[in-house]
Each structure stands twice: as structure tokens, then as C-alpha cells.
Amino acid sequence: VSSLTIAAPTSSTSFDTGYTDSHLNLSISNDGKKFHILDRGDKTLKQIKLTTVYDLSTASYESKSYNANTQLASGGEAVAFKPDGTKMFILSNSGSYGDDVFRYSLSTAWDVSTASYDSNTVDVEAQETGTTGLALNSDGTKLFILGDSSGEVLVWNMSTAYDLSTASYDSSESLDTSGQDN
């Protein structure tokens with residue numbers, strides 16, 4: 001194929017967050033009724049509701065947020081949730097704590113205002129400084145970190161699901177993407 005033509009979308013919708021460049025990550029609940037923006041500047045996870053699932057034209061801010069200032073000395077890079085919305089994971093990048101992932105419990109699923117820090121952390125700085133992305137597999141036994149400086153996707157296995165204290169780095173599963181083009 002020497003060329004590819006992609007048709008323009010027939011419609012688009014956006015939601016103005018009111019921020020310019022300080023938020024870095026967006027997470028959408030599995031049911032499509034909420035999304036969360038992690039604001040690097042004030043280290044706050046903000047919650048937005050959608051009255052029609054996955055439809056940004058129905059988005060509005062809820063007065064629900066969680067400030068992770070205590071754990072995120074330099075700001076958060078990424079957020080991920082357990083599929084049922086009862087656990088939240090935030091990646092910190094090179095603050096006084098270094099590159100770490102922190103776990104929080106939500107007493108009400110997907111409601112970040114009910115979050116509390118679990119004192120459950122894994123330090124990923126030995127494998128990567130300058131982390132930028134975070135994901136977990138659906139059963140909570142694997143943690144994936146995207147390295148900004150290395151261009152690698154790094155993998156930690158958790159012997160107890162969603163328990164960061166049981167995470168161990170697995171270099172055999174990591175993937176180097178540094179030489180890949182779009």
C-alpha cells in the first residue's frame with residue numbers, strides 16, 4: 001500500500017477541562033459513566049461524570065477529587081484502576097520518593113473522593129528513571145510501566161493480585177520500544 005486515505009470523522013465532541021498542560025493522564029471507568037484526570041500541577045485526581053455513557057457532550061465536573069500531595073512529591077504521571085473501581089494506582093515520577101507506584105482503596109467504587117492511601121507501594125526507579133505510563137492486567141497480577149528515558153515497557157509480577165508489596169521485576173517480559181517508529 002503506497003497511500004492510505006482515512007475519512008474525517010462525521011462528528012466530534014470535546015470537554016474543556018480548563019487546564020492547559022499540567023494534567024497528564026486520563027482514565028475512564030469500565031461502565032463509561034466517569035472519567036478521571038490526574039493533574040500533575042496540584043497532584044489531584046479530578047472526577048468528571050457522563051450522564052450518557054462515553055458521550056463527552058454530557059460531561060460535567062463532579063465536586064469529587066483526591067489530592068495525593070503526600071505521596072506525590074513531584075506530581076503524578078499516570079493513574080490506573082482495578083476493573084471494579086475499588087483500587088486506584090498512581091505513578092509518581094522522580095519526586096523525593098523517586099519513581100514509585102502507590103495503591104489506594106476506594107470505599108465507593110470509582111468515587112475518588114472516597115480514596116485512602118493503603119501504604120502499599122513499589123519502587124520502580126532501579127529499573128527506570130523517568131516513568132510516564134502505568135497499566136495493570138485485568139486480574140491484577142501484572143504491573144506495566146512505560147519508561148520515558150528507556151522507551152521500554154517494563155513488567156512486574158505480583159504474587160498476590162493488586163498487592164504492590166508482592167511485585168517483582170521480570171526483565172524477561174519487558175519490551176524495548178525505543179527504536180520503533182509510529
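Is Trp110 buried or exposed? Trp110 is buried, with a relative accessible area of 10%. The model behind that value is predicted.

## The whole chain

The protein has 13 strands and zero helices. Of its 182 residues, 43% count as buried. The exposed surface comes to about 9,400 Å². Carbon and sulfur atoms supply 46% of that surface. Among contacts with a separation of 6 or more, 39% join residues 24 or more positions apart.

Trp110 is found in the loop between S7 and S8. Its phi is positive, about 65°, although Trp110 is not a glycine. Most residues other than glycine have a negative phi.

Tyr54 also has a positive phi, about 55°, and is not a glycine. Tyr54 sits in the loop between strand S3 (44–50) and strand S4 (59–67). Tyr54 is exposed, with a relative accessible area of 53%.

Which residues does Asn30 contact, leaving aside its neighbours within four places in sequence? They are Tyr54, Pro83 and Trp110. Asn30 itself is in the loop between strand S1 (23–28) and strand S2 (34–39). A polar atom of the Asn30 side chain lies 2.7 Å from the backbone oxygen of Pro83. Asn30 and Phe81 are 51 residues apart in sequence. In space, their C-alpha atoms are 9.4 Å apart.

| Residue | Relative accessible area | Class |
|---|---|---|
| Phe102 | 2% | buried |
| Trp110 | 10% | buried |
| Tyr117 | 27% | partly exposed |
| Tyr54 | 53% | exposed |

## Aromatic pairs

How many aromatic pairs does a search of the whole structure find? It finds six. One of them joins Phe102 and Tyr117. A pair of aromatic rings is described by the distance of the centres and the angle of the planes.

Phe102 lies in strand S7 (residues 98–106), and Tyr117 lies in strand S8 (residues 115–123). The pair therefore ties together parts that are 15 residues apart in sequence. Phe102 is buried at 2% relative accessible area, whereas Tyr117 is partly exposed at 27%. Ring pairs also build a cluster from Tyr66, Phe102, Tyr104 and Tyr117.

The largest nonpolar core has 17 residues. Those with the most contacts inside it are Val101, Val122, Leu134, Leu143, Ile145 and Trp156. Five strands each supply at least two residues of this core: S5 (76–81), S6 (87–95), S9 (131–136), S10 (142–147) and S11 (152–158). S11 gives the most, with three residues.

Residues that Trp156 touches beyond four places in sequence include Val122, Leu143 and Ile145. Ala167, Ser168, Tyr169 and Asp170 are also among them.

A second, separate core has 15 residues. Tyr66, Phe81, Met88 and Phe102 are among its members. Tyr66 and Phe102 also belong to the ring cluster.

S9 and S10 run antiparallel and are joined by five bridges. Gly133 stands opposite Leu146 in S10. Leu136 has Leu143 in S10 as its bridge partner. The two strands form a hairpin with five residues between them. In that turn, Gly140 has a positive phi of about 75°.

S10 also pairs with S11, again antiparallel over five bridges. Here Phe144 stands opposite Val155 in S11. This hairpin has four residues between its strands. In its turn, Gly151 has a positive phi of about 75°.

Which residues form the covered face of S10? They are Leu143, Ile145 and Gly147. The uncovered face holds Lys142, Phe144 and Leu146. In a regular strand the side chains alternate between the two faces of the sheet. Leu143 and Ile145, on the covered face, are among the residues with the most contacts inside the largest core.

Conventions. Residues are numbered from 1 along each chain as its sequence is written. This is a predicted model: local features need pLDDT of at least 70, side-chain atom pairs count only at pLDDT 80 or more; totals for chains, interfaces and linings use all residues. Side-chain values use heavy atoms; hydrogens and water are left out. Buried means under 20% relative accessible area, exposed over 50%, partly exposed in between (1.4 Å probe, protein chains only). Contact means heavy atoms within 4.5 Å. Accessible areas come from the Shrake-Rupley method with a 1.4 Å probe; for residues, only the protein chains shown count as cover. Rings of Phe, Tyr and Trp (its six-membered ring) pair if their centres lie within 6.5 Å; planes under 30 degrees apart count as stacked, over 60 as edge-to-face and the rest as tilted. A polar contact is a pair of N or O atoms within 3.5 Å; within protein, one must be able to donate a hydrogen and the other to accept it, and residues adjacent in sequence count only if both atoms are side-chain atoms. A nonpolar core is a set of buried Ala, Val, Leu, Ile, Met, Phe, Trp, Tyr and Cys residues joined through side-chain atoms within 4.5 Å. Two strands pair if DSSP finds at least two bridges between them.
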